[in-house]
Amino acid sequence: MTQVSPLTYYGGVQMAKNKYNFKMFFMILIPLIVSIVIERFIAISTIYNKPNIGNVADSIINIWKFVCIIYWFWVGKKYGEYNRGRAKSFVLGNILWGIGLVFYIIIFFLTDSNNRINLIKVIPWLNQLAQGYTLGFMRWSSLILSLFTKNIDSRIVGVISYALMLIVFSIGFYNGKK
């Protein structure tokens, strides 16, 4: 009979914990990954004049706008069940898109159009992070904004999308804490 050292056991527990942490982190990356895939499909469709690929991107967007809300609620619920403390779990679940919001405000509200283009050319992933998370919420934000005005500013739609993300995540989070 072999004896298991406490270090081996602890290492196994630590490894399982790291896998769980990775899984939790990966869950908050999915909206960004979906938006990158859609953006690539649109770019390929435009560059190579392949309308069928553009149709695939359009189909993914139409499906994603419904799935995203359910998915983000579920992620919020999972982070609500996460054993890191209420505040820490909430911050961890929102940190990446929160960074995206900061970049969004910098790019679209604090820089003029010439500097914005130069900034996006130099650091394209910055723009993807700023706009990618909210893709699934953009249509809903446009509908909400259209209730109040006929002139829809896409910058404001982006901010409303971030607010919707926070609301949906929060509802899921507090549902997971029960």
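## Basis of the values

Because the model is predicted, local features need pLDDT of at least 70 and side-chain atom pairs count only at pLDDT 80 or more, while totals for chains, interfaces and linings use all residues. Residues are numbered from 1 along each chain as its sequence is written, and side-chain values use heavy atoms, with hydrogens and water left out.

## Overall fold

The protein chain has seven helices and zero strands, in the order α-α-α-α-α-α-α along the sequence. Helices (H or I, at least four residues) and strands (E, at least two) are DSSP runs, numbered from the N terminus.

Taken along the principal axes, the C-alpha atoms fill a box of roughly 70 × 40 × 30 Å. Of the 178 residues in the chain, 33% are buried. Buried means under 20% relative accessible area, exposed means over 50%, and partly exposed lies in between, with a 1.4 Å probe and protein chains only.

## Helix H2

Helix H2 covers residues 51-81, which is 31 residues. From its first C-alpha to its last, H2 reaches 43 Å, close to the 45 Å expected at 1.5 Å a residue; the expected span is 1.5 Å times one less than the number of residues. H2 has a kink of about 35° centred on tryptophan 64. The bend at a residue is the angle between axes fitted to the seven residues ending there and the seven starting there.

Trp64 is also one of the buried residues of H2, a set that includes Ala57, Lys65, Cys68, Tyr71 and Trp72. Glutamate 81 and lysine 177 are 96 residues apart in sequence, and their C-alpha atoms are 5.7 Å apart in space.

## Aromatic pairs

A pair of aromatic rings is described by the distance of the centres and the angle of the planes. Rings of Phe, Tyr and Trp (its six-membered ring) pair if their centres lie within 6.5 Å; planes under 30 degrees apart count as stacked, over 60 as edge-to-face and the rest as tilted. The count comes to 16 aromatic pairs. The rings of tryptophan 97 and tyrosine 162 have centres 5.6 Å apart and planes at 25°, so this pair is stacked. Tryptophan 97 lies in helix H3 (residues 86-109) and tyrosine 162 in helix H7 (residues 154-176), so the pair ties together parts that are 65 residues apart in sequence. Both tryptophan 97 and tyrosine 162 are buried.

The rings of phenylalanine 173 and tyrosine 174 have centres 5.3 Å apart and planes at 90°, so this pair is edge-to-face. Phenylalanine 173 is buried, at 0% relative accessible area, whereas tyrosine 174 is partly exposed, at 43%. Phe173 and Tyr174 belong to a cluster linked by ring pairs, together with Tyr20, Trp72, Tyr79, Tyr82, Phe90 and Phe169.

## Largest pocket

The largest pocket holds about 240 Å³ of space. On a 1 Å grid over the protein atoms alone, a pocket is an open set of points where a 1.4 Å probe fits, with protein on both sides within 12 Å along at least five of seven lines; lining residues have an atom within 4 Å of a point. Grid points are joined across faces, edges and corners, and the volume is the space filled by probe spheres set on the points.

The lining consists of Ser35, Ile38, Glu39, Ile42, Ile61, Asn127, Gln128, Gln131, Gly132, Leu135 and Met138. Helices H1 (6-47), H5 (124-132) and H6 (135-146) each supply at least two of the lining residues. By class, the lining has five nonpolar, five polar and one charged residues. Ala, Val, Leu, Ile, Met, Phe, Trp, Tyr, Cys and Pro count as nonpolar, Asp, Glu, Lys and Arg as charged, and the others, Gly among them, as polar.

## Selected residues

Proline 31 lies in helix H1 and is buried, with a relative accessible area of 0%. The C-alpha atoms of proline 31 and threonine 134 are separated by 7.7 Å, although the two residues are 103 apart along the chain. In helix H6, serine 141 is buried at 0% relative accessible area, while isoleucine 144 is partly exposed at 30%.

Most residues other than glycine have a negative phi. Asparagine 49 is not a glycine, yet has a positive phi of about 55°. Asparagine 49 is placed in the loop between H1 and H2 and counts as exposed at 64% relative accessibility.
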